[in-house]
Amino acid sequence: MDAEDDGSMEQQESQSRKSILRLMLEAVQQAGDLAIAEFMLLKAEFDTVASSVAALCASFGGAAFSAFCGGFLLLIAAVKAIAWLTGSEAVGACIVAAPFVLAAGGLGFWGVSKMRSVGRQRTLAN
């Protein structure tokens, strides 16, 4: 009986090892399937987000283009109105351009001062 018990015990251990291996293989296969499904879901979400961002950029691009065109037409109308008041289109253009020239000069001066301060050592106040 002892030999039969040893044989059946070995057979049970062999079957349990096989079933453990089978379970591990199924777990690895299911993990692979899950990873593939997750990547497909990620791709679908990225495609959705990309199309939403593209539509948003197109909308804002169209709005910015319209705003720039409207602003440009407003400046031309201002030049024409001042030219009509003063009798000279050159004077009208100079009057309308003056704030932009001053803003560009101020921004240029500010940029140069920032560039010069980059190389300087800053001392901490004690």
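1. In this predicted model, aspartate 47 forms a salt bridge with lysine 43, with the closest N and O atoms 3.2 Å apart. Both residues belong to helix 1 (residues 2–86) and sit 4 residues apart, about one turn of the helix. In general, an α-helix has 3.6 residues a turn, so residues three or four places apart point the same way. Aspartate 47 has a relative accessibility of 43% and counts as partly exposed; lysine 43, at 48%, also counts as partly exposed.

2. The count of salt bridges comes to 2. Lysine 80 forms one with glutamate 89, and here the closest N and O atoms are 3.0 Å apart. Lysine 80 is partly exposed because its relative accessibility, 44%, falls between the 20% and 50% cut-offs. Glutamate 89 is also at 44% and counts as partly exposed.

3. Helix 2 covers residues 89–118, 30 residues in total. From first C-alpha to last it reaches 43 Å, close to the 44 Å expected at 1.5 Å a residue. The helix has a kink of about 40° at alanine 97, shortly before proline 99.

4. At the start of helix 2, serine 88 places a side-chain oxygen within 3.4 Å of the backbone nitrogen of alanine 90.

5. On the chain as a whole: the secondary structure consists of 2 helices and 0 strands. Of its 126 residues, 3% count as buried. The accessible surface comes to about 11,100 Å², and carbon and sulfur atoms account for 70% of that area.

Notes:
Residues are numbered from 1 along each chain as its sequence is written. This is a predicted model: local features need pLDDT of at least 70, side-chain atom pairs count only at pLDDT 80 or more; totals for chains, interfaces and linings use all residues. Side-chain values use heavy atoms; hydrogens and water are left out. The expected span of a helix is 1.5 Å times one less than its number of residues. The bend at a residue is the angle between axes fitted to the seven residues ending there and the seven starting there. A polar contact is a pair of N or O atoms within 3.5 Å; within protein, one must be able to donate a hydrogen and the other to accept it, and residues adjacent in sequence count only if both atoms are side-chain atoms. Buried means under 20% relative accessible area, exposed over 50%, partly exposed in between (1.4 Å probe, protein chains only). Accessible areas come from the Shrake-Rupley method with a 1.4 Å probe; for residues, only the protein chains shown count as cover. A salt bridge is a side-chain nitrogen of Lys or Arg within 4 Å of a carboxyl oxygen of Asp or Glu.
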